[in-house]
Amino acid sequence: MTISEDVMNDLLTVYLAGDASADTKALVEAHARDHQSFAARLAAAGAFVVPDVPAGRAAHDVELRALAETRQFIRLRTIFFAGALLFTVLPLTFKFGSNGIEFLILGREPGLMWSFWSIAAASWTACVIMARRIKRAGL
């Protein structure tokens, strides 16, 4: 059975990575004995030493930091959105009384009402800014 050079090149990659089975190793070595050009390629590739690069660990740390920052961003976005909703509707709370519907804050406590709506406006602004950041990032 003849095996094409493309298949042997694919097997060479597995062989050099150390992931080849015993049969694949034997096939690659037998092919190298019979074909000088393949043997030269095997020797050249085997002599190549991949330097120890600590960037793999640094890349892992970068991914962890990005994940932590994403979680923090989502947490803040949730807090701002909940605050915006809460402080928007809080002045509109009411109760049913003998005179019908009575607002608890609206019309009775103007300073408190405007304070709540100021916090709501700031929270809605933060939500819009965060939404723009997400859109700019392409998510």
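A residue is termed buried when its relative accessible area is under 20%, exposed when that area is over 50%, and partly exposed in between. In the predicted model examined here, His31 has a relative accessible area of 9% and is therefore buried. This histidine is found in helix α2, which spans residues 22–34. When residues up to four places away in sequence are set aside, His31 touches Ile3, Glu5, Met8 and Phe38.

The aromatic side chains were considered next. A pair of aromatic rings is described by the distance of the centres and the angle of the planes. A search of the whole structure finds five aromatic pairs. One of them is formed by Phe81 and Trp124, with 5.7 Å from centre to centre and 85° between the planes, an edge-to-face arrangement. Phe81 belongs to helix α4 (residues 55–89) and Trp124 to helix α5 (residues 110–137), so this pair ties together parts that are 43 residues apart in sequence. Phe81 counts as partly exposed, at 41% relative accessibility, and Trp124 likewise counts as partly exposed, at 33%.

A further edge-to-face pair consists of Phe94 and Phe103. The centres of these two rings are 6.3 Å apart, and the planes meet at 75°; because planes over 60 degrees apart count as edge-to-face, the pair is assigned to that class. Phe94 has a relative accessibility of 43% and counts as partly exposed, as does Phe103 at 34%. Ring pairs also bring in Phe96, so that Phe94, Phe96 and Phe103 are linked into a cluster.

Technical notes. Residues numbered from 1 in each chain as written. Predicted model: local features only at pLDDT ≥ 70, side-chain atom pairs only at ≥ 80, totals over all residues. Heavy atoms only, no water. Phe/Tyr/Trp six-rings, centres within 6.5 Å; stacked < 30°, edge-to-face > 60°. Helix = DSSP H or I, 4+ residues; strand = E, 2+ residues; numbered from the N terminus. Buried < 20%, exposed > 50% of the residue type's maximum accessible area, 1.4 Å probe, protein only. Contact = heavy atoms within 4.5 Å.
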